[in-house]
Amino acid sequence: MNKTLQLANDLLQYLFGGYLELLPYVINGEEFRIPVKHGNGMISDDISSCSTAQICMISMVTTISLSLQSSGVFNIFRFDEIDGGLDTENRTMFFDTLKRMCRELGIQQMIAISHSIESN
């Protein structure tokens with residue numbers, strides 16, 4: 001989980017320039033939380049306190065981080081409407097950002113389903 005956290009934070013650094021940082025996961029018998037530190041020093045108890053766009057991007061980088069560690073053989077990433085929570089401006093930049101991340105990580109195959117007009 002520590003490697004996942006580090007890779008997710010590396011990707012968030014790439015996306016948000018250090019504004020968001022995931023803190024160590026809180027996992028025990030009663031809870032599962034992912035605290036987040038914001039660039040202004042504020043700490044949210046869980047990613048659920050973040051904006052919809054931030055949750056969308058955190059979910060994407062966490063999924064990519066987990067997938068990269070689970071299998072080195074067939075790293076085919078699948079995202080179904082992951083851009084659904086983004087506003088028009090963010091959706092316009094989303095797929096370019098996704099392509100840059102793929103290049104940085106050496107990801108060669110990805111399936112991304114989107115119903116937004118901006119994805120064209």
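User: Does threonine 62 count as buried or exposed, and why?

Analyst: This is a predicted model, so treat every value as computed from it. The general idea is a cut-off: buried means under 20% relative accessible area. Threonine 62 has 13% relative accessibility, so it counts as buried. Its place is in helix α2.

User: What does threonine 62 touch, leaving out residues up to four places away in sequence?

Analyst: Threonine 62 touches Thr4 and Leu22.

User: Let me step back. How many helices and strands are there?

Analyst: Count three helices and seven strands. Then read them in order along the sequence: α-β-β-β-β-β-α-β-α-β.

User: How do strands of a sheet pair?

Analyst: They pair through backbone hydrogen bonds, and the pairing is either parallel or antiparallel. Now the case here. Three strands form an open sheet, in the order β1-β4-β5, with antiparallel pairing. The edge strands are β1, residues 20–22, and β5, residues 43–44. Each of these pairs on one side only.

User: Over how many bridges do β1 and β4 pair?

Analyst: Three bridges join β1 to β4, which covers residues 36–38. Take one residue as an example. Glutamate 21 has lysine 37 in β4 as its bridge partner.

User: Next, the core. Which residues of the largest nonpolar core touch the most other members?

Analyst: Look for buried nonpolar residues joined through their side chains. Here the largest such core has 29 residues. Leu22, Ile58, Met60, Val61 and Phe94 touch the most other members.

User: Which elements each supply at least two residues of this core?

Analyst: They are α1 (2–16), β1, α2 (52–70) and α3 (88–105). The largest share, seven residues, comes from α2.

User: Which residues is valine 61 in contact with, beyond its neighbours within four places in sequence?

Analyst: Valine 61 is in contact with Ala8, Leu11, Leu12, Leu15 and Met101.

User: How do I read the whole protein? What percentage of its residues count as buried?

Analyst: Of the 120 residues, 38% count as buried. The accessible surface comes to about 7300 Å², and 50% of that belongs to carbon and sulfur atoms.

User: And what share of the contacts with a separation of 6 or more joins residues 24 or more positions apart?

Analyst: That share is 50%.

Methods
Residues numbered from 1 in each chain as written. Predicted model: local features only at pLDDT ≥ 70, side-chain atom pairs only at ≥ 80, totals over all residues. Heavy atoms only, no water. Pairing = 2+ DSSP bridges. Helix = DSSP H or I, 4+ residues; strand = E, 2+ residues; numbered from the N terminus. Core = buried A, V, L, I, M, F, W, Y, C linked by side-chain atoms within 4.5 Å. Buried < 20%, exposed > 50% of the residue type's maximum accessible area, 1.4 Å probe, protein only. Contact = heavy atoms within 4.5 Å. Areas by Shrake-Rupley, 256 points an atom, 1.4 Å probe, with all protein chains shown as cover.
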